[in-house]
Amino acid sequence: FATGRQPWPAHKCHLNAIVADTRTWEQAAATALDAHPSVQAWIKNDHLGFVVPYRKDGVRKRYLPDFIVELVSGERLLIEIKGQIGAAEIKAAAAQRWCRAVNNDGRFGRWQYHVVHQPPSLVQVLDEAMASAT
């Protein structure tokens, strides 16, 4: 897709670059995802059509988590890189509800949702997710 933003290189992704919505945080996350030994593959959730539906004040909304990650264990993660709270609590509740529903269905693997408030925290989230998956 066409963009005016600078692409950032990606390696453990089926695309060779991402277009970040932030100045540095999503780029730092991409670097961490590429470097982490527990990450099998990841993608920036942009132009994929993957949304988590939710309602805010009775109005239907669509939430796009920042990253979709597959661990070497097969566990999948939805990762949100969030510096400001905003509607994050409502979106997080919707994403957690989505993960529970998909996990209860059982046909699409195991999923977890995580909000990362500081880019360096992503490594800890990945370590903990891998530990809980084994």
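Student: Which residues of α3 are buried?

Tutor: This is a predicted model, and the answer is read from computed accessible areas. Buried means under 20% relative accessible area. In α3 the residues that count as buried are L122, V125, L126, A129 and M130.

Student: How wide an arc do they cover around the axis of α3?

Tutor: The buried residues of α3 are L122, V125, L126, A129 and M130. They lie on the same side of α3 because the arc they cover around the axis is only 130°. On the other side of α3, A131 and S132 are exposed. The arc asked for is 130°.

Student: Which elements do the buried residues of α3 pack against?

Tutor: Contact here means heavy atoms within 4.5 Å. By that cut-off, the buried residues of α3 pack against a helix, α1 (25-35), and also against β3, β6, β7 and β8.

Student: How far apart are the end C-alpha atoms of helix α3?

Tutor: Helix α3 covers residues 121-133, which is 13 residues. At 1.5 Å a residue it should span 18 Å. The distance between its end C-alpha atoms agrees with this: 18 Å.

Student: What is the reach of α2 from its first C-alpha to its last?

Tutor: α2 has 18 residues. At 1.5 Å a residue, 26 Å is expected, and the model comes close to that. The reach of α2 is 25 Å.

Student: Which residues are exposed on the other side of α2 from its buried ones?

Tutor: The buried residues of α2 are A88, A92, A94, A95, C99, V102 and N103. Their arc around the axis is only 165°, so they sit on the same side of α2. They pack against β4, β5, β7 and β8. On the other side of α2, the exposed residues are E89 and N104.

Student: What is the bridge partner of R76 in β8?

Tutor: Strand β7 (residues 76-81) pairs with β8 in the parallel sense, over 6 bridges. Strand β8 (residues 111-116) is mostly covered, with 5 of its 6 residues buried. The bridge partner of R76 in β8 is W111.

Student: Which residues form a cluster with W111 through ring pairs?

Tutor: F50 and W98 form an aromatic pair that is edge-to-face, with 5.3 Å centre to centre and 90° between the planes. F50 lies in the loop between β3 and β4 (52-56) and W98 in helix α2 (residues 88-105), so the pair ties together parts 48 residues apart in sequence. F50 is buried, with a relative accessible area of 18%. The residues linked with W111 into the cluster are F50 and W98.

Student: How many aromatic pairs are there, and what is the angle between the planes of W42 and F67?

Tutor: The count comes to 5 aromatic pairs. W42 and F67 form a pair that is edge-to-face, at 5.7 Å centre to centre. W42 lies in strand β3 (residues 39-44) and F67 in strand β6 (residues 67-71), so the pair ties together parts 25 residues apart in sequence. The angle between the planes of W42 and F67 is 65°.

Student: Which residue lies over the face of F67?

Tutor: F67 is buried, and so is W42. Over the face of F67, at 6.0 Å from the ring centre, lies K44.

Student: Is K82 buried or exposed?

Tutor: K82 lies in the loop between β7 and α2. Leaving aside neighbours within four places in sequence, K82 is in contact with W25, A88, V115, V116 and H117. Its relative accessibility is 18%, and because buried means under 20%, K82 counts as buried.

Student: What value does phi of D57 take?

Tutor: Strand β4 is joined to strand β5 (residues 59-63) by 5 bridges, and the two run antiparallel. The hairpin of β4 and β5 has 2 residues between the strands, and D57 takes a positive phi there. At 75% relative accessibility, D57 counts as exposed. Phi of D57 is near 55°.

Definitions and conventions
Residues are numbered from 1 along each chain as its sequence is written. This is a predicted model: local features need pLDDT of at least 70, side-chain atom pairs count only at pLDDT 80 or more; totals for chains, interfaces and linings use all residues. Side-chain values use heavy atoms; hydrogens and water are left out. Rings of Phe, Tyr and Trp (its six-membered ring) pair if their centres lie within 6.5 Å; planes under 30 degrees apart count as stacked, over 60 as edge-to-face and the rest as tilted. Helices (H or I, at least four residues) and strands (E, at least two) are DSSP runs, numbered from the N terminus. Buried means under 20% relative accessible area, exposed over 50%, partly exposed in between (1.4 Å probe, protein chains only). A charge sits over a ring if NZ of Lys or CZ of Arg is within 6 Å of the ring centre and within 35 degrees of the ring normal. Two strands pair if DSSP finds at least two bridges between them. The expected span of a helix is 1.5 Å times one less than its number of residues. The arc is that of the directions from the helix axis to the C-beta atoms.
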